[in-house]
Amino acid sequence: MTKLQIACQTFTWEMLGPRFTGGPDDLIRAIADGGYAGIEITDTMIGHYATDPAAFGRALDAAGLRLVAFAFGSDSGFARPDHIAADLEAAKRWVGYAAHFPGALVSMGSATVVTDGPRDAHFAVAAEVYNRAAEIGQAAGVQVAVHPSSHHNTLLFDRADYDRIFALLDPGVGWVPDTGHILRGGQDMGDTLASHAARIRYVHLKDVDAQGQWAMLGDGVCDTPAVIAAATAAPQFNGWLVLEEESATAAADPAAAVKTNRATLRRLGL
């Protein structure tokens, strides 16, 4: 039985945009105070630690946190042929960064439509970028995984999109299923998780209401215990449940919201 560990994603602060005036040390402090064991941080929020993984590691150690994953996206949506080289350079940079942290993964954001053209072409470019990034990761001993989303112009929204991209990806490319995005895409959670279980590396837990609006964990329609059961049955699941919160409650007070979500999981015995 895989030991479950609970981490927090920093997008809860990132979504505030210019309203968030702090830095990565503020995130570390809030996440540690919230009772988490790990952190997933993004290229947008890494701040002054972007060129100093050793210093970031010391800050995490002092707070009692582990780096679960380093997540990054691209203005290209990973779907522009003229940006493939730049996207792979970014992958190489962040894979090298994650390599300083044993067990940490690199999570690549959802392929997104940012230019005109047929969907087939967008899928082909995204698959090439993801596959080649995973090769970079394999050479460095770092797993690379894809994080589909339901945000504006995503290429990876519904079940057909998931099936399509995964059919184009090499077996070594992992997947970070995100419960909120899966639900907003109208998917059957259990069937989607089971069908692509071999790719699951860790899980993003968040909730939505019946209309697909973001909700605090436990206040929406996500069957969290069922998701956890499905994840633990996946052969390459590493045990990390990463809580990510995008609700209006979190927008008003991110630190309080993530602390509340951690308490919600404790009531489930985690």
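## Aromatic pairs

The structure holds 12 aromatic pairs. Rings of Phe, Tyr and Trp (its six-membered ring) pair if their centres lie within 6.5 Å; planes under 30 degrees apart count as stacked, over 60 as edge-to-face and the rest as tilted. The model is predicted, so local features need pLDDT of at least 70 and side-chain atom pairs count only at pLDDT 80 or more, while totals for chains, interfaces and linings use all residues. Residues are numbered from 1 along each chain as its sequence is written, and side-chain values use heavy atoms, leaving out hydrogens and water.

Tyrosine 49 is buried at 8% relative accessibility (buried means under 20% relative accessible area, exposed over 50%, partly exposed in between, with a 1.4 Å probe and protein chains only). Phenylalanine 56 is also buried, at 0%. Phenylalanine 72 and phenylalanine 78 make an edge-to-face pair, 5.6 Å centre to centre with 90° between the planes. Both of these phenylalanines are buried. One aromatic cluster is formed by Tyr49, Phe56, Phe70, Trp94, Tyr97 and Phe101.

## Helices α5 and α6

Helices (H or I, at least four residues) and strands (E, at least two) are DSSP runs, numbered from the N terminus. Helix α5 spans residues 119–140 and helix α6 residues 159–168. Their axes (lines fitted to C-alpha atoms over the stretch in contact, with angles from 0 to 180 degrees between N-to-C directions) come within 9 Å and cross at roughly 50°. The two helices are therefore oblique to each other (under 35 degrees is roughly parallel, over 145 roughly antiparallel, 65 to 115 roughly perpendicular, and the rest oblique).

Contact means heavy atoms within 4.5 Å. On α5, Arg119, Asp120, Phe123, Ala126, Ala127, Tyr130 and Asn131 make the contact.

## Serine 149

Serine 149 sits in the loop between β5 (144–146) and α6. This serine is buried, with a relative accessible area of 9%. Leaving aside neighbours within four places in sequence, serine 149 is in contact with Ser110, Thr154, Leu156, Phe157 and His181.

## Helix α2

Helix α2 covers residues 24–33. Pro24, Leu27, Ile28, Ala30 and Ile31 are buried there. Their cover includes β1 (5–9), α1 (11–14), β2 (38–42), α3 (53–63) and α11 (254–267). Glycine 35 follows α2, with a positive phi near 95°.
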